Structure formats: structure tokens, C-alpha cells
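Here is a short report to read alongside the model. Take a moment with the display before you go on.

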Amino acid sequence: MGNKTVLYPQHLAMGAKIVDFGGWDMPLHYGSQVEEHHRVRRESGMFDVSHMTVVDITGSDAREYLRRLLCNDVARLKQKGKALYSGMLNEQGGVIDDLIVYLMTEPDVSGEWYRVVVNCATREKDLRWMSDQVMKMDVALTEQPDLAMIAIQGPEALQRVKSVVSPYRQSLIDGLAIFQGQESEGWFIARTGYTGEDGLEIMLPEEEAEAFWQVLAEAGVAPCGLGARDTLRLEAGMNLYGQDMDETVSPLVSNMGWVVAWEPSDRFFVGRAPLEAERAAGPASKLVGLAMETGKGVLRHGQSVIVDDAVAGEITSGGFSPTLGYAVALARVSSATGAEAEVEMRGKRVSVRVVRPPFVRQGQKVYS
Amino acid sequence: MSNIPNELRYVASHEWIRDEGDGTVTIGITDHAQDLLGDVVFVELPEVGDQVSAGDDMGVVESVKAASDVYAPLTGEVIAVNEDLEESPELVNSDPYGDGWFIRLRLSDADELTDLLDADGYAEHCESES
């Protein structure tokens, strides 16, 4: 028996098929994951992401602590509520986890407060690492296990949420920029997500979560499981920790170079030196997209990528793209890989195009 | 509990067989199988005229979760394949014993039918696997 979120009874009542995910009993789907995927691309769907780990970081050194801990630079957060995607690296430049950090207070006030959301499967090692990195700084790390989190995603997501919240929260949602969140009476409402659609991620007290989930369902928001979450994020070209990157690889070979803030050049962050060396030498591999536009079959994790009859790399995440109607994948391949490759699938080779992710954003094919 | 119609016969690899009474059978995969697979996205089947032998792999079902071989439960000649699955593989999920059928086979040896599991036998088999 795994951990259960406060919404577990709702999942059962809505007919979810439950699977283990990082020690949590979570919904895989509520009937059809492809149908759920389409609902998010076309209307709106909701995901229980209460299993994710929320940690608040406070203290007079909170900012300096995070500037050292993360490869992206929290000094880029210039507005209350703004969010930043980052990697947390080890001393070799490998990715301990990827995360989102929100600035919860106004910038540049003394005693800034940040909120970090990390993956559930990496919770223990993350917390240990974060705690080890405090050293002598004035920083307090406070986990928030009593917060539930619901992601509502899709072109109609904001409108549907607004139809069931107070006028104050409606106007708060109207005022949110992309990648920004705001607090409201114990809730934290952020315009973020993991699907490539507009949407919200809402943290709220556990005791309010069931009622909110129900009222969203009544407003026509489709409950969606981890299956659809995975195909949505794959289409959106978003990495899954533990699959597309882990401690053995750097952001530079994980299509995460954009989350490394090199400037200012005198900012120390853990993993900077090996990353600079790797950048100077030229990374040996890269994380690319693969699209199997013809033929039947599904690209899957672990399949070999072949170029000129030699193994050039491996698929890290693959699957059927419901939006495109064919299989797509993320693959780590040698830097020299060009625009065409083959994949070894069930004893035969199929042709794929090597493309730049994402594959789909806001319901539309976006790669070329 | 998955649906296991009494009038059909089954094999342990989760295909169902309907005896059409004229020396031919219709074959598909069971409700239990489609439930384990999740949404089916591609089905590859043999062609009309192909000879298949009991136990041969004769096709592949690709679902959101995994690729699975489909085994010929009996020996014979393929006389029809369900072409609707090309455009609508989800029929395997929505109607596994009806519109989601795979192939029709003309049997080489009708005695092979006696080797198949009945509904109770197949239910027990599923139970033993879970």
C-alpha cells in the first residue's frame, strides 16, 4: 500500500485505475488516457498532483542560498509570485532534480520567501541535499505536506476555474501573467503547468481539496490521470526526471541549457565548474525529439537510435502522440546526429525524423 | 471484473474465438486483455490468404502502455481481417468482442477447437495471473 493523497477517495469514486508512482497510489486514467489527453488539448482537464513536494524557503539568506543551490538564477525573479524553472545540480553538474521556484514576497525585501516544488520520487534525496547546502546560512526549509495541489490545464481551464471561485479569486486569476502565482487565503494559484497548454496549478489546504475537485468536475473539467499527463508533457517537449535526465547527466545534454544562467559570470552555483568545462569542450550528446511520421509502431523508452548503422543513442521517453496520431520521443544522441535516424523497434528498424522539441503547444503541431 | 462471454472460447494468451459453425472462426483479444493494455493505438494483423499455425505470433497490438504480440489460437487460413482497426484501433477497447474483432480464420483442423478454454476456464486463468 502506497501513500495516498487526500483526493484518493475521489479518484476511486470516479473510476480511476490506480498505479504506484514513486510510492504513491495515483490515478493512471479514469477510463481512457487518450480521451483525457484530448480533453486537455481541446477543453480542460484536472490532475491531482498533491504527491509533489512543496518546500518553503525563508530566512535572511534565502536568496543567496537559492542562487548557490540552483543553476538558474532566482535574481531573475523581479515580481512577486513569478516562477522560475531550474535544475538543482550536484558537484559534477549532474541533475539532482528539476523544480519550479516561486518568489512569494516582493523582490529585494529583507527576508524573502520562496516556494519550491520538487518531484515526489526524489523527495528524500532532494530534502537531504537542500538541507546539507544550508551550511551556516540563515535559511529555514519548511516542507508543506498539508497542501494539496490540483493542476487544471487546457484552453478553457482558466475560464472553468473562474466559474467556481470567489470574485476576488477570479480577478486574481485575471491578473496572473504566464508563470506567475498569487496567494489568496491559504491558496496559492499559479499560472503554470506541465502540459503545453495554458492553465493553473493550485495549492490549497487538504481539507478544501475534495470539495474543490468536485466542483471542478461539476463545471465540466475532466479528471485526468498520470497517463495523459505523460503524453501531454512528452508532446510539449518537457522532461521527466529519472527518465530524460538524472544525476549522471548535465542540463547541457538534457535540452535544459536554457535554464542555466551563466550571467553574471561571478555567481557561484553548485555544478558550475564542470558545466563550464563541458560547454567549452562541446557536449558529447544532446537531447532531441524524434518523430515517426510514417509507419505503425510506438517509440518507447530504451529503444536504440541508429545513425549510419551504428548506435547513436537511446530513447529516454517515447510514446504515441494522440494530438499528432503517431509516435514521438525524446532521445539522447551523439552531438553529430543530423536530421534523419532510425530506431530499433522489435527487431526491425524504422525511420524517424530528428527534430527540435516541443512537438505540440496549445493544441497545435509546432515542430518542423 | 472483466466481461467473459459464455458463448466464446479462449486461450491463455488472451485471445477469444467464436466458432461460426461453418469451419471458420472469428478471433479477437479479450476484455481483460484490452483493459491491461490500456488505449490501443495501432493494430498490425496478418493479411488475407496468410496461413497461420496455432501458437504463432500473427500480429502486434500497440497500446499507450506497451507492444504485445497477438498469437494465433488455431491453425488455418486468414479469410478476413478487420480493416476498421486501421482507422479506429480504439474499437479494441470499446467493443473487444464485437467491432473490435481481429481476423476470421478457415480452420485446417476443427478438432483444435476442443483444446480451447471455456469461459470458466479462462476466468480461472485470469485469476491465476492476477
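Which radius of gyration would a compact globule with 130 residues have, and what does chain B have? A compact globule would be near 14 Å and chain B has 13 Å, which agrees; the radius is taken over C-alpha atoms, and the globule rule is 2.2 Å times the number of residues to the power 0.38.

This is a predicted model, in which local features need pLDDT of at least 70, side-chain atom pairs count only at pLDDT 80 or more, and totals for chains, interfaces and linings use all residues. Residues are numbered from 1 along each chain as its sequence is written, while chains are lettered from A and ligands numbered from 1 in the order in which they are written.

Some values for chain B:

| Property of chain B | Value |
|---|---|
| C-alpha trace span along the principal axes | about 35 × 35 × 20 Å |
| Buried residues (20 or more other C-beta atoms within 10 Å of their own, C-beta atoms placed from the backbone) | 40% of the 130 residues |
| Helices and strands | four helices and nine strands |

Helices (H or I, at least four residues) and strands (E, at least two) are DSSP runs, numbered from the N terminus. In that direction chain B reads β-β-β-α-β-β-β-β-β-α-α-β-α.

Now to the partner chain. Nine residues of chain B are in contact with eleven residues of chain A, contact being C-beta atoms, placed from the backbone, within 7 Å. On the chain B side, strand S4 (residues 40-44) gives the most, with three residues.

Conventions: Two residues are in contact if their C-beta atoms, placed from the backbone, lie within 7 Å. A residue is buried if 20 or more other C-beta atoms lie within 10 Å of its own, exposed if 12 or fewer, and partly exposed in between; C-beta atoms are placed from the backbone.
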